[in-house]
Amino acid sequence: MTRVVIMGGGPASWEAALVAAQHDAEVTVVTQDSLGGACVLYDCVPSKTFIVSAAARSAAKSAGELGINTGEGHADVDLPVVHGRVKGLALAQSADLETRLRRDNVRVVRGYARFTDEHPGLATHRVAVETEDGQDEVLEADVVLIATGATPRVLPGAEPDGERILTWRQIYDLPELPEHLVVIGSGVTGVEFASAYTEMGVKVTMVSSRDRVLPHEDADASAVLEDVFAERGTEVVKHARAERVERVDGGVRVHLQDGRVVEGSHALMTVGSVPNTTDIGLERVGITPGRGGFIPVDRVSRTSVSNVYAAGDCTGVLLLASVAAMQGRTAMWHALGGGVQPLRLKTVAANVFTNPEIATVGIGTGAINSGEVPARSVMLPLATNPRAKMEGLRRGFIKLFCRPATGVVIGGVVVAPSASELILPIAMAVQNQLTVDDLAYTFSVYPSLSGSITEVGRQLMRPADDLN
Ligand SMILES: Cc1cc2nc3c(=O)[nH]c(=O)nc-3n(C[C@H](O)[C@H](O)[C@H](O)COP(=O)(O)OP(=O)(O)OC[C@H]3O[C@@H](n4cnc5c(N)ncnc54)[C@H](O)[C@@H]3O)c2cc1C
Ligand SMILES: NC(=O)c1ccc[n+]([C@@H]2O[C@H](COP(=O)([O-])OP(=O)(O)OC[C@H]3O[C@@H](n4cnc5c(N)ncnc54)[C@H](O)[C@@H]3O)[C@@H](O)[C@H]2O)c1
């Protein structure tokens, strides 16, 4: 029986464990947190649960527009209930995962895992487990998967104290909503929390190091988000790098590198993550971390050392739960001899959970605008969609990219309240190399937002004459 040891307990780990168990391996997961890892306990799941509550408040506040009076536009936030729900759902999901893995005979050990091979180059590996209760043990492994994830990056001079200077993992312990939250960093994490706290009725100022929020996303999508921020009173301070955060009476002062100062009651640090790779004994197996401490892997999750795989945020490939999970499965399919499809990043769908949401898949706008990838594209504002009008949606769009000659769909962007759901037909088109004609001939429900996807397909169709 192949002995598989998995270090870490997030999506890369639990998905790998399920595949390995299916292949009759003897599987041990070593995780210092409960199962689910940072994804379920601190990052993805808690933030999305919080965002659902924030969206419910917005919906209640805007119901009057649709003729439903909720009582003078009030929608009070019961923060202990919101935070209780966030933590409760995370723990419940973690417990579900543990039950599932145990049912598949996966051994789950709570502890910290490190390689302890005597020297690099050995055919099998040893992983030492350090437990809180001192029941340390050493596991012999034929295959090891490193899935140790990442941790919030700390800016020197802005060390989180859990009271006023916070990481996104500490906010659910706040007894009250901040009066004025300064969000430092305008990547995906920053904008999601800026959007959610604004919807919760908090004054938010965002410190953005670039000329726009979400510098790596579609520029039209960022522009919609900036318009919404402006309309709701979320201030964005641009070209602004935080140098340090000082605690003052009743609040914080954020000192920017150019001398400007931003004041608020609390600072939320969203300046990226660092991989958990420094203290796991990589040198004992001969793995040298790459740039930023991430572990280099190929498209089937192999490291430079035979029978040692890595998956998820510790690899820095694409810091998404869905990618972590696929990397984990791929590692086990490869290690245990199943058929394996190398990871295809061009087909990954992702979503920014702001209001409206921003979903993307396939080739990005950057590569198309720069001419690197030739494409035809259409952007259709949702304002003309009948269902959007009924729902009172004024902003958002569907954008589609296809190959100039064949019309094969290669990417798309959706900006809409439910973009995370609407992106799926485009993702299926990209994954299966469907054409704009395939989309155009697909029935969509009338009236529906997805009707705009088939409409974009029709706008990108070419009469047969054009193709000759
Ligand atoms: C605020 C936020 C929101 C996000 N929202 C989304 C989203 O909506 N959708 C999405 O797809 N992605 C989202 N992500 C990204 C997603 O959370 C990560 O990509 C995902 O968690 C990575 O999973 P992983 O398997 O690498 O491990 P992680 O989830 O990071 O878990 C790794 C676990 O291993 C443990 N560990 C570390 N070292 C050891 C060791 N030596 N021994 C034992 N255990 C160890 C860690 O403590 C941790 O519990 C979000 C990220 C953040 C920060
Ligand atoms: N919905 C989702 O799927 C979701 C949500 C959150 C995070 N994530 C993933 O997690 C990863 C990390 O995202 P993130 O937003 O946490 O980190 P990030 O690294 O993408 O963004 C951090 C931002 O902070 C800025 N920054 C760094 N130092 C700064 C300073 N001193 N002052 C001001 N700004 C500063 C950086 O320029 C950058 O724009 C991403 O790959 C993302 O896809 C996904």
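S5 and S6 make up a hairpin with 6 residues between them, and in its turn Gly-134 adopts a positive phi of about 80°.

## Surroundings of ligand 1

Ligand 1 is surrounded by 37 residues, of which Gly-10, Gly-37, Cys-39, Gly-149 and Gly-312 are the closest. Divided by class, this shell contains 19 nonpolar, 14 polar and 4 charged residues.

Several secondary-structure elements each supply at least two residues of the shell. The helices are H1 (11-22), H2 (37-41), H3 (44-62) and H8 (321-335), and the strands are S2 (26-31) and S4 (112-115).

## Nonpolar core

The largest nonpolar core comprises 135 residues, and Ile-6, Met-7 and Ala-16 have the most contacts inside it. Helix H8 makes the greatest contribution to this core, with 9 residues. In soluble globular proteins, nonpolar side chains tend to be buried together.

Which residues are in contact with Ala-16, leaving aside its neighbours within four places in sequence? They are Ile-6, Leu-145, Ala-147, Ala-311, Gly-328, Arg-329, Ala-331 and Met-332.

## Lys-87 in helix H4

Lys-87 belongs to helix H4, which covers residues 79-103. This residue counts as partly exposed because it has 14 C-beta neighbours inside 10 Å, whereas 20 or more would be required for a buried residue and 12 or fewer for an exposed one.

Between Lys-87 and Val-317 there are 230 residues of sequence separation, and their C-alpha atoms lie 28 Å apart in space.

## Annotated segment 349-455

An unreviewed UniProt entry assigns residues 349-455 to the feature "domain: Pyridine nucleotide-disulphide oxidoreductase dimerisation". In the predicted model, the chain over residues 349-455 is 31% helix and 28% strand. The end C-alpha atoms of this segment are 21 Å apart.

Conventions:
Residues are numbered from 1 along each chain as its sequence is written. Chains are lettered from A and ligands numbered from 1 in the order in which they are written. This is a predicted model: local features need pLDDT of at least 70, side-chain atom pairs count only at pLDDT 80 or more; totals for chains, interfaces and linings use all residues. A residue is near a molecule or strand if its C-beta atom, placed from the backbone, lies within 6 Å of it. Helices (H or I, at least four residues) and strands (E, at least two) are DSSP runs, numbered from the N terminus. Ala, Val, Leu, Ile, Met, Phe, Trp, Tyr, Cys and Pro count as nonpolar, Asp, Glu, Lys and Arg as charged, and the others, Gly among them, as polar. A nonpolar core is a set of buried Ala, Val, Leu, Ile, Met, Phe, Trp, Tyr and Cys residues joined through C-beta atoms within 7 Å. Two residues are in contact if their C-beta atoms, placed from the backbone, lie within 7 Å. UniProt positions are given in the numbering used here, feature names are shortened, and annotations may be inferred rather than shown by experiment. Two strands pair if DSSP finds at least two bridges between them.
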